[in-house]
Each structure stands twice: as structure tokens, then as C-alpha cells.
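This briefing sets out the main features of the structure shown below.

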Amino acid sequence: MAHRETLLVARVIVVVAGMEGALPSVVGGLVDCPVIGVPTSTGYGAGAGGHAALLAMLNSCASGIAVVNIDNGFGAGYLAALINNRASNRGATKTSRH
């Protein structure tokens, strides 16, 4: 919650989580921008190499969450850049029309 203001002004957020994979759902419930979940293969307990986190993220009931494959931080970053750049281009287009 210490970074809530930063999260609220973001255009897109990448959330990396292992174990039970609940963090993207929590963040998705706090913000109104797209959230990209990245399950990790590391951790302890019954994480099953990231499969538990992957399934939890895929079953999230929070709106606006997309999930990439286990340990696919590159794919998440690329998708976030596409979303961010598209939002930037739309802002430039809107201001140039006025």
C-alpha cells in the first residue's frame, strides 16, 4: 500500500509472483489498468515448478488481468511496452486533432 499512488497512475503493471500466485489478483483489484501476471518457477512448498501460480493467475476473478507463461518476463515486458506505447500514441493523436 506504500506504493498505491504510483500504481494508480500506471498505464500497465507487470506483477511477478510465485507460490500461490495471488499477487496479480490483489493488484488487479486495486487498479483500473491492465495487469500482466508472470508466474515464477522458484519458491518452496507445492509450487510444482510454477504450475500452481500459473493456474491461480489464470483462475483469477479480478478484471483486466492477462497471464504469460511461467518465467516469461520478456513476454510480459514486451506486452506491457506495446500497451504503453499504444496509450502514448493515442494521447499524441488526440492532442494533434484539437
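A residue counts as buried when its relative accessible area is under 20%, as exposed when that area is over 50%, and as partly exposed in between. By this criterion V35, G37 and P39, which point one way from strand β2, are buried, and so are I36 and V38, which point the other way. The model under discussion is predicted.

**Overall architecture**

- The chain contains four helices and three strands.
- Read from the N terminus, the order of these elements is α-β-α-β-α-β-α.
- The chain has 98 residues, of which 28% are buried.
- Of the contacts in the chain between residues at least 6 apart in sequence, 55% link residues that are at least 24 apart.

- Strand β2 spans residues 35–39 and is mostly covered, with five of its five residues buried.
- Both faces of β2 take part in this burial: V35, G37 and P39 lie on one side, and I36 and V38 on the other.
- Strand β1, residues 13–17, runs parallel to β2 and is joined to it by five bridges.
- Within this pairing, I13 has V35 of β2 as its bridge partner.

- Although V9 and D32 are 23 residues apart along the chain, a distance of 9.2 Å separates their C-alpha atoms.

- F74, Y78, L79 and L82 form a nonpolar surface patch of about 450 Å².
- L79 is classed as partly exposed because its relative accessible area is 30%, between the limits of 20% and 50%.

**Cysteines**

- The number of disulfides in the structure is zero.
- C33 has 8% relative accessibility and therefore counts as buried, the limit being under 20%.
- C61, by contrast, has 77% relative accessibility and therefore counts as exposed, the limit being over 50%.

Note on methods:
Residues numbered from 1 in each chain as written. Predicted model: local features only at pLDDT ≥ 70, side-chain atom pairs only at ≥ 80, totals over all residues. Heavy atoms only, no water. Patch = residues over 30% accessible without salt bridge, like charges linked within 9 Å, V, L, I, M, F, W, Y side chains within 5 Å. Areas by Shrake-Rupley, 256 points an atom, 1.4 Å probe, with all protein chains shown as cover. Salt bridge = Lys/Arg side-chain N within 4 Å of Asp/Glu carboxyl O. Buried < 20%, exposed > 50% of the residue type's maximum accessible area, 1.4 Å probe, protein only. Disulfide = S-S within 2.5 Å. Helix = DSSP H or I, 4+ residues; strand = E, 2+ residues; numbered from the N terminus. Contact = heavy atoms within 4.5 Å. Pairing = 2+ DSSP bridges.
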